[in-house]
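Please keep the structure in view while reading.

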Amino acid sequence: MSPRPSATDDPALLAALHKNSFPTDFWTADAIAALLATPGAFAFAAAQGFILARAAGGEAEILTIAVDPAARRQGLGRALLAVAAQQAARLGAGRLFLEVSTANRAALALYKAGCFSEIARRKAYYGDQDAL
């Protein structure tokens with residue numbers, strides 16, 4: 001279950017993992033490849049999930065984290081957050097940000113356990129759902 005750095009030649013694999021995690025709102029391989037090609041972008045993957053983030057200007061942002069529904073609540077999300085935070089720090093980021101839907105209770109619990117805290121609310125960021 002240990003996440004490993006994901007090379008830029010893995011966008012199809014990451015897209016398949018994303019689609020499995022978000023069947024109605026998934027990212028394509030082309031979208032993931034474009035993000036991976038941006039400066040400061042990095043990804044870590046395991047067999048059943050991945051995290052994609054980027055660091056710039058002393059800050060980092062988690063762009064997406066996807067864990068196969070069958071593999072949830074087994075520690076993979078926490079492991080992905082941990083390796084992303086470590087990589088962000090190696091890249092000079094002093095803060096790590098993300099957006100999460102107020103309706104995504106599982107993700108909210110994961111981020112709370114990972115010591116994230118709410119700093120702002122974006123109204124209707126996810127259609128009819130706010131983002132924290």
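The paragraphs below take up the nonpolar cores and then the pockets.

This is a predicted model. Its largest nonpolar core has 23 residues. Those with the most contacts inside this core are Phe42, Phe44, Ile51, Ile65, Leu80, Leu81 and Tyr111. At least two core residues come from each of β2 (41-46), β3 (49-56), β4 (59-67), α3 (76-90) and α4 (105-113). The largest share, 6 residues, is supplied by α3. Apart from this core lies another, of 12 residues, including Ile32, Leu36, Ala43 and Ala45.

Leaving aside neighbours within four places in sequence, Phe42 is in contact with residues including Leu36, Ile51, Leu52, Ala84 and Leu91.

The largest pocket holds about 1,000 Å³ of space. Its lining consists of 36 residues, and Phe22, Ile65, Asn104, Ala107 and Tyr111 lie nearest its centre. Two or more lining residues are given by each of α1 (11-21), β4, α3, α4 and β6 (122-126), with the largest share, 7 residues, coming from β4. By type, the lining of the largest pocket has 21 nonpolar, 9 polar and 6 charged residues.

The second largest pocket has a volume of about 480 Å³. It is lined by 19 residues, and the closest to its centre are Leu98, Ser117, Glu118, Ile119 and Leu132. Both β5 (95-97) and α4 supply at least two residues of this lining. The lining of the second largest pocket divides into 12 nonpolar, 1 polar and 6 charged residues.

Notes. Residues are numbered from 1 along each chain as its sequence is written. This is a predicted model: local features need pLDDT of at least 70, side-chain atom pairs count only at pLDDT 80 or more; totals for chains, interfaces and linings use all residues. Side-chain values use heavy atoms; hydrogens and water are left out. A nonpolar core is a set of buried Ala, Val, Leu, Ile, Met, Phe, Trp, Tyr and Cys residues joined through side-chain atoms within 4.5 Å. Buried means under 20% relative accessible area, exposed over 50%, partly exposed in between (1.4 Å probe, protein chains only). Helices (H or I, at least four residues) and strands (E, at least two) are DSSP runs, numbered from the N terminus. Contact means heavy atoms within 4.5 Å. On a 1 Å grid over the protein atoms alone, a cavity is a set of points where a 1.4 Å probe fits but cannot get out, and a pocket is an open set with protein on both sides within 12 Å along at least five of seven lines; lining residues have an atom within 4 Å of a point. Grid points are joined across faces, edges and corners, and a volume is the space filled by probe spheres set on the points. Ala, Val, Leu, Ile, Met, Phe, Trp, Tyr, Cys and Pro count as nonpolar, Asp, Glu, Lys and Arg as charged, and the others, Gly among them, as polar.
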